[in-house]
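These are my notebook entries on a structure that I looked through one element at a time.

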Amino acid sequence: MNRIYLDYAATTPCDPEVVKAMLPFFNEIFGNPSSIHYFGQQAKKAMEDSRQKVADFLGAKPEEIVFTSGGTESNNFALFGVAVSLETKGNHIIVSTIEHHAITEPVKVLEKKGFKITHLKVDKTGLVDPEDVRKAITDKTILISVMHANNEIGVIEPISEIGKIAKEKGIYFHSDAVQTVGHITTNVNELNVDLLSLSAHKFYGPKGVGALYIRRGTKISSFLHGGDQERSRRASTHNIAGIVGLAKAIELCQQKLPQEIKEQSELRDILIKEIPKEISDCRLNGHPLKRLPNNVNFSFAFIEGESILLHLDMLGIAASTGSACTSSSLEPSHVLLAIGLPHELAHGSLRLTLGRWTKKEEIDFLLENLPKVVDKLRRMSPLSNK
Ligand SMILES: *Cc1c(COP(=O)(O)O)cnc(C)c1O
């Protein structure tokens, strides 16, 4: 069967060039970068070259990049690190209601420990209003965290404006940029962020490696203790192959970015235009324009997203109902509820995310089959009168 992958927001395959760049670091250049001998120094050089590449891509300095095990760790590090280091200064943290679970869950833990959390509402397209951020700030606020783009509905938040407000007030600003790094421009100075999370497997790098950008001077406590790696900010022996892969993936994205934005948004726009023509009672979730070049998210009335997924999978098409983490639970997505969808529509959502190897023929195949799947499910649905 010809398989079509339209779930690039869940994870991406490694680019073959990334795999090639990583291979020597498993058994040839295998040293521990903390060792002072030849083997260690060889690995250390590769690591520092990688750090430089990541820094260049973000408009940062190499010493501002800390390698981590991925997006989840970077987000936890940012939240707990700032909370612990500034707890004598204040206990108030501001986040949006549509953050990834890697923000919402650690925030719940902080809340139990006595931190006060403000959850910023979004409008019906998923946008945070920067003025709401300004209004939420108190003299106890120590951190603001708003994601750069949402993983489910693709909305791109006004990070630069929010960052400006945070800067004016002298409050640290973190952004979960796991969905944007490698996909749209992510310059830390243009975005006015102090902390920024990224993860390699979302931009054609390997799984289990990421980074946290930490602006120079930011007071942040370590999260992992037990070694002086990463200038004592993150203990544990470096994942050298992963770090080299992450940097190679970023380098490739840097070269391909303008072209990929153009190609993917063209295919995205075909889907956004054609799906409502072919299928009645559906709505696009997320902002029509301020959205990731590769994200399409629709809700279909009367049917379940899971059923659509299963039927598409039988046809060889891989998609998602929302975030990979929520698709196994029966709770509707907190993101779709936050943009005001009633439970029925939140359950009937389908996310299609495109990527480096998505072809026009694949989009055509989907457009040919999705209306049939929806129609078939609606005929079986007690909610529909079809
Ligand atoms: C995937 C994702 C994460 C988690 O990253 P991992 O590297 O898988 O831990 C965090 N935030 C967003 C927005 C994501 O899409």
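Predicted model: local features only at pLDDT ≥ 70, side-chain atom pairs only at ≥ 80, totals over all residues.

I began with Ile-94, which stands opposite Ile-144 in E5. Strand E3 (residues 92-96) and E5 pair in the parallel sense over four bridges, where helices (H or I, at least four residues) and strands (E, at least two) are DSSP runs numbered from the N terminus, and two strands pair if DSSP finds at least two bridges between them. I then followed the open sheet of seven strands, whose order is E2-E8-E7-E6-E5-E3-E4 and whose pairing is mixed. Strand E2 (65-68) and strand E4 (116-120) are its edge strands, each pairing on one side only.

Residues are numbered from 1 along each chain as its sequence is written, and side-chain values use heavy atoms, with hydrogens and water left out.

Which residues of helix H7 (residues 159-169) are buried? I found Ile-159, Ile-162, Gly-163, Ile-165 and Ala-166, buried meaning under 20% relative accessible area and exposed over 50%, with partly exposed in between (1.4 Å probe, protein chains only). Seen down the axis of H7, these buried residues fall within an arc of 160°, so they line one face of the helix; the arc is that of the directions from the helix axis to the C-beta atoms. On the other side of H7, I found Lys-164, Lys-167 and Glu-168 exposed. The cover over the buried residues of H7 includes helix H6 (130-136), strand E5 (141-145) and strand E6 (172-176), contact meaning heavy atoms within 4.5 Å.

I looked up helix H3 (residues 38-58) and helix H9 (residues 240-278), which pack at an angle of about 35° with their axes 9 Å apart. Axes are lines fitted to C-alpha atoms, for helices over the stretch in contact, and angles run from 0 to 180 degrees between N-to-C directions. Among the residues that meet are Ala-43, Met-47 and Phe-57 in H3 and Ile-243, Leu-246 and Gln-254 in H9. H3 also lies across E2, strand E7 (195-199) and strand E8 (210-214), running at about 115° to E2.

Last, I traced an open sheet of three strands in the order E9-E10-E12, with antiparallel pairing. H9 lies across E9, E10 and E12, and runs at about 15° to E10.
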